[in-house]
2 protein chains.
Amino acid sequence: MPDEISRGALAHAHPKKVRALIRRGNWRHPTAGLCHGYVQANLVILPRNLAYDFLVFTQRNPKPCPLLEVTEPGSTEPVQTAPGADIRRDLPQYRIYRHGQLEAEVTDLVGIWQDDLVSFLLGCSFTFEAAMLQAGVPVRHIEEGKNVPMYITNVPCRAAGIFHGPLVVSMRPIPPALIPQAIQATARFPSAHGGPVQVGDPLSLGIRDLARPDFGDPVTIRAAEVPVFWACGVTPQAVAMQAKPPLMITHSPGHMFVTDLRNEDLV
Amino acid sequence: MPDEISRGALAHAHPKKVRALIRRGNWRHPTAGLCHGYVQANLVILPRNLAYDFLVFTQRNPKPCPLLEVTEPGSTEPVQTAPGADIRRDLPQYRIYRHGQLEAEVTDLVGIWQDDLVSFLLGCSFTFEAAMLQAGVPVRHIEEGKNVPMYITNVPCRAAGIFHGPLVVSMRPIPPALIPQAIQATARFPSAHGGPVQVGDPLSLGIRDLARPDFGDPVTIRAAEVPVFWACGVTPQAVAMQAKPPLMITHSPGHMFVTDLRNEDLV
């Protein structure tokens, strides 16, 4: 099959179809806009001997780390969220970190899979952004075709074993009259970061310059718009990397795992 | 202090006060009706080498196992839900199981504490029953001064490592016109079992005789009332016991851990 399948053609595809395309090497792009209505997930893979601490970390920090599924050690199939899927091959791109250093970006994990690897699938902001748009709340970075701006805060996560570090937030500028809708629409989805952690006070989070995010791109903040901050799925990756595990694998930014869950399943 | 402190006198006490009374040996009774508005919790203590599997089990079965906190191995303080508390001394009564057999019922764990023990605190139905009463929904076993009737179902939990077993449910008979209120009031509290798992069809859960619960007491079901079933905190205990861990400690039935969380914190 040709590689020029259009994003539009997959907007309403079933996740099984998109995962099959990815597995055959026919989709190696970001997954934003694919499979409308279905939950996409962040991926963190760690060896079993670090998995307990990481699992406790997700339990203690559910806003940045909304855990959708944790697989059995060595299993490549997320049996709850995408039966039949292969976590080694069904994401378009992965990052391999060793001892906290990015070693490679790859399109499958077949060659480096180990029997002690545990996969964590974590909810992602695509779910609540869809809900915002449906509620009539504009999402600036989508309008501007950018990555969402993300900031490292001065708010510590609750530590668990070897895992500790600051909360990372994403920011979306919202007109004051739409802030209630933005909050209500996103709070319905606790498994996708839920409602915002803060409204309108970047300094108290230790964010000095909204124009210089730590990850992603800056976006336009119009006069009277208020910056609203949500817990971000980059947090668990940043925290896990800081612990410098011998091996950690994640999705590449934007190249998410498309599950069979519907967004409404998370309500 | 005398032992005849009345339940009524503690109905509106702060949890710190009640835990202090328990620690001094001045309250050795069930905790129902104490500290109105505060979350009470089920307790399961397991050795660290079983804690990972059990933690995954709670993640995969959040309705019967709504995890409020998991402590660091060896730590006796639930730092998130009750800072300053001592899990070894602040419950009125504990059960000690070895290899799946009840060995003893004790009033503190000081003598048998081990450095590898991990405490799991799980949400409890007291929270949602308070919400039902506030919503004007009668709770029969409270009216009748009984324990809630509980039934082992034919619905398997999702297994995790060595832990597997059937879902246990509690049952409350509800008049048809109040079923919507009962569902809405309890669904607000996913960390306390949330909304019911089923309405009105005991047979499809494998329950043949509502008058003969597997745990607790039978309650009166009046004409036209419908049996409504909620996931029950006995599930994790039953499942953990089935795995026959060398050591498992739980609260004694009804003798819960009173946390500093307010019920509304769980919404």
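Mentor: Domain bounds here come from an automatic or database domain assignment. The model itself is predicted.

Trainee: Which domains does the assignment give for chain A?
Mentor: Domain 1 is 7–124 + 248–266, and domain 2 is 126–236. Their C-alpha centres lie 22 Å apart.

Trainee: What makes residues of domain 1 and domain 2 of chain A count as in contact?
Mentor: The cut-off is C-beta atoms within 7 Å. By that rule, 22 residues of domain 1 of chain A are in contact with 23 residues of domain 2. On the domain 1 side, H3(A) gives the largest share, six residues. By class, that side has 13 nonpolar, six polar and three charged residues.

Trainee: How many residues of chain B are in contact with chain A?
Mentor: Seven residues of chain B are in contact with seven of chain A. Helix H3 (48–60) and strand E2 (67–70) of chain B each supply at least two residues of that side. H3(B) brings the largest share, five residues. By class, the chain B side has six nonpolar residues, one polar and no charged ones.

Trainee: Why are the two copies said to be related as by a two-fold rotation axis?
Mentor: Chain B can be laid on chain A by a turn of 180° and a shift of 0.0 Å along the axis, with an RMSD of 0.0 Å. The copies are therefore related as by a two-fold rotation axis.

Trainee: Which residue of chain B comes closest to the rotation axis?
Mentor: B:Tyr52 does, with its C-alpha at 2.7 Å.

Trainee: What surface serves the two copies?
Mentor: The same surface serves both: 100% of the contact residues of chain B recur in chain A.

Notes:
Residues are numbered from 1 along each chain as its sequence is written. Chains are lettered from A and ligands numbered from 1 in the order in which they are written. This is a predicted model: local features need pLDDT of at least 70, side-chain atom pairs count only at pLDDT 80 or more; totals for chains, interfaces and linings use all residues. Helices (H or I, at least four residues) and strands (E, at least two) are DSSP runs, numbered from the N terminus. Ala, Val, Leu, Ile, Met, Phe, Trp, Tyr, Cys and Pro count as nonpolar, Asp, Glu, Lys and Arg as charged, and the others, Gly among them, as polar. Copies are superposed by least squares on the C-alpha atoms of residues with pLDDT of at least 70 in both.
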